[in-house]
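Student: I would like to go through this structure and ask what stands behind each label. Where do we begin?

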Amino acid sequence: MLDLSRLLPGPYASLVLSDLGADVVKVEDPDPGDYLREISPGMFAALNRGKRSVVLDLKTAEGARDLRRLCSVADVVVESFRPGVLERLGLADLLRDPGRLVICRISGFGQAAAGPWRDRAGHDIGYVALAGVIARNGGVPAVQLGDLFAGAHGAVIGVLAALVERGRTGVGRVVDVSMAQGSTGLLLPHLGELPDAPENTLDGSRPCYRVYACKGGGAYALGALEPKFWQRFCQAVGRPEWVDRGFDASLAPEVDALFATRSREEWESALRSADCCGEPVLTPSELRTHPLFADAFVGELPRTFPALVATADLPRRPGPPLGQHTAEVLREWTATRPGAS
């Protein structure tokens, strides 16, 4: 698999595919390479574990020729250039007729977007804004949902589906991933609501579904939506008079005050046996030591979500230095794989 992308969406997608067994070669330009190397070395390391790095100057005849040679033996290519770049690099014929190759193109608005949208610049915040996610969320999400859900997961699903199709037909395809359009999937259940639909009860305003600040600075998340879970919570905290008020927003300040009397750890201990859909709010740095996530790290780096491959069997090679494997990959891919030219 060739990964020509940078930053978050494409590298996350190719990391998932790497964890599922793909041999991922990251293709970068000589300077600066993937921008994420400088923006956040930690994020770069997390997203590029197990990959090899090849440097090709695609603006030169030699670099374009080497890329075409690699494409001739690859199964999958993932790219996140602005629309039209692959065509300008001389690969328009592969886009018209990819043969057995699966080409996944991740962009903000899609290769076939109507009007001026195809060529607009953008980032995650704009995609989720257009998709209605910011309005529904009540602000900018702290996690890049457009990049990671619409872009990365959309690419993984599209690539895997195209490979299954190729297994039947012998023919690859171009997969067009739009992060703006893909982000609407986050709101799919709500897009079917009528204008007079009931107000949102999952926005944290109701006492049964709310994050509570605790003594000492921690927080506890309660998700006791169903009556039986709310009843268990009320019983556990000795407040039977609250049983019929789980969705009464006016009760929230009283429950806020109750949670402020104990630490997060004390509430976790007190409510664990109640089984009322409550969990402590963990910080990212706490995940490594939490028993639920004991198998979620490959050394110091997080694994991706599929549990199809044991953590011990995942690639442990650290994120590669720029161009570390150029000669190795060009020699290996073009000499030992059938179809090289």
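This is a predicted model: local features need pLDDT of at least 70, side-chain atom pairs count only at pLDDT 80 or more; totals for chains, interfaces and linings use all residues.

Student: Are Cys276 and Cys277 buried or partly exposed?

Tutor: Cys276 has a relative accessible area of 2%, so Cys276 is buried. Cys277 has 36%, which lies between 20% and 50%, so Cys277 counts as partly exposed.

Student: What makes the backbone of Cys277 worth a remark?

Tutor: Phi is near 65 degrees there, a positive value in a residue other than glycine. Most residues other than glycine have a negative phi. Cys277 sits in the loop between α13 and β9.

Student: Where else is there a positive phi in a residue other than glycine?

Tutor: At Leu7, with phi near 60 degrees. Leu7 lies in the loop between β1 and α1. Its relative accessible area is 23%, so Leu7 is partly exposed.

Student: Why is the bond between Asp31 and Pro32 called cis?

Tutor: Omega is about 10 degrees at that bond. Most peptide bonds are trans. Pro32 is found in the loop between β2 and α2.

Student: Now the sheet. What is the strand order?

Tutor: The order is β3-β2-β1-β4-β5-β6, in an open sheet of six strands with parallel pairing.

Student: Why are β3 and β6 called edge strands?

Tutor: Each has a single partner strand, so one side of each is left without a neighbour in the sheet.

Student: How do you know that β1 and β2 pair?

Tutor: Count the bridges. Two strands pair if there are at least two bridges between them. Two bridges join β1 to β2, so the pair qualifies. The two strands run parallel. Asp3 stands opposite Lys26 in β2.

Student: Which helix packs on the sheet and touches β4, β5 and β6?

Tutor: Helix α5, residues 85-96. Its direction makes about 140 degrees with that of β5.

Student: Which residues of helix α12 are buried?

Tutor: Ala252, Val255, Leu258 and Phe259.

Student: What makes these a single face of α12?

Tutor: Seen down the axis, the buried residues fall within an arc of 120 degrees, so they line one face of the helix. They pack against β7, β8, α11 and α13.

Student: Last one. Is His325 buried or exposed?

Tutor: Its relative accessibility is 6%, and the limit for buried is under 20%, so His325 counts as buried. His325 is placed in the loop between β11 and α14. Leaving out residues up to four places away in sequence, His325 touches Lys51, Arg52, Ser53, Val54, Arg317 and Pro320.

Notes:
Residues are numbered from 1 along each chain as its sequence is written. Side-chain values use heavy atoms; hydrogens and water are left out. Helices (H or I, at least four residues) and strands (E, at least two) are DSSP runs, numbered from the N terminus. Contact means heavy atoms within 4.5 Å. Axes are lines fitted to C-alpha atoms, for helices over the stretch in contact, and angles run from 0 to 180 degrees between N-to-C directions. Buried means under 20% relative accessible area, exposed over 50%, partly exposed in between (1.4 Å probe, protein chains only). The arc is that of the directions from the helix axis to the C-beta atoms.
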